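Q: Please take a close look at a single part of this model and describe it in one connected account.

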Amino acid sequence: MNRLLKFIIALPLVLLFCGSALAIKPKVFCFYYNWYQTKAFDGADQHWSHWSNGNPTGYPGGDNIGANFFPSLGNYSTNDPVLVAKHMKMIAKAGINAVFLTWWGKDHFTAKSIPVILDEAKKAGVKVGFQIEPYGNRSPLTVKADVKYLIDTYGKHPAFYYSEQKKPLFFVYDSYLSKSAEWSDVLSPAGSSTIRKTLYDADFMGLWVNDNEHQFFKDSGFDGFYTYFVSKVFRYGSNPNNWAKMQEWAVQNNKIFIPCVGPGYIDERIRPENSANTQSRDNGTYYDDYWKKAISVKSPYVAITSFNEWHEGTQIEPAKPLSITGFTYLDYSPLANDYYITRTRYWTDRFLKK
């Protein structure tokens, strides 16, 4: 058999292999905060009323909330299926494939909203995953237990997020709080408490904050990393000028890099001491700049911080003008109240078709 014929026979196999390596389709995620409750729906406010370092009495809720923007939908409960349906329709309209809920444990008040969100997400064609937060006494072993509980409890719901490789995806916020050796016990195939090659195996994303975290991600067993923060001046990972290097390292080390984009940052109402990290929205140009960087690094994923983290002013959810005694909330003017939903769709269309 001559060399040309051997090449022609082998070519489909080569293409098949290359195709599988390139089979991951671009995906857009966003972080969704299911920690809001109201007196009218739940009997008590949660998170609209908020303690502040600069205001020891805090904010009582109502029209005086712990945020610099005010939602167009007013105070709402993420346990309310009518409200959640509106959110999921906005998220679908924005071209977002999956939302990742804030997870503080099965006994935390936020867990009540999960079945409601899953059901409404299904109707809107949106998938649902989880960002595991740094609750008290969290460890890699408690995260393993969380993952087992979440998959056992919700994994069969049609809205539960699975990758094209049929694996769940979990973000682990502040993953650096545990040592890489402790994570390796759970996340490495040879770890003493490994989750790999079990029914609960998944893709795990750690939080890359500072420079020189390469060794942590080599040793810990995480499948990849994300940046979460969207103040460009806050940390190494949140500065999009560093993303090309991070993506290059991810590819070289068989890791997934998920850059995070956001419309701006302000948490001065609850953290007045943090004003150095405030980032103006600049009538949408700040958001555009983040998206351009995310697309340029050619990661197959991007995550939006956030849909509705009102305390830190990173929300793309519609906001409205409002003034109360002693304070005037920011809003999106001269842009429309829902500008960031429509602008997100502009960018997701470009990202998903890249």
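A: Helices here are DSSP runs of H or I with at least four residues, and strands are E runs of at least two, numbered from the N terminus. The model is predicted, so to speak of local features requires pLDDT of at least 70 and side-chain atom pairs count only at pLDDT 80 or more, while totals for chains, interfaces and linings use all residues. Residues are numbered from 1 along each chain as its sequence is written, and side-chain values use heavy atoms, leaving out hydrogens and water.

Helix α9, residues 285–296, packs with helix α10, residues 339–352, at an angle of about 15° and with the axes 11 Å apart; axes are lines fitted to C-alpha atoms over the stretch in contact, and angles run from 0 to 180 degrees between N-to-C directions. The two helices are therefore roughly parallel to each other, a class for angles under 35 degrees, where over 145 is roughly antiparallel, 65 to 115 roughly perpendicular and the rest oblique.

On the α9 side, Tyr287, Asp288, Trp291, Lys292 and Ile295 meet Tyr340, Arg343, Thr344, Trp347, Thr348, Arg350 and Phe351 of α10. By class, this contact has six nonpolar, two polar and four charged residues. Contact means heavy atoms within 4.5 Å; Ala, Val, Leu, Ile, Met, Phe, Trp, Tyr, Cys and Pro count as nonpolar, Asp, Glu, Lys and Arg as charged, and the others, Gly among them, as polar.
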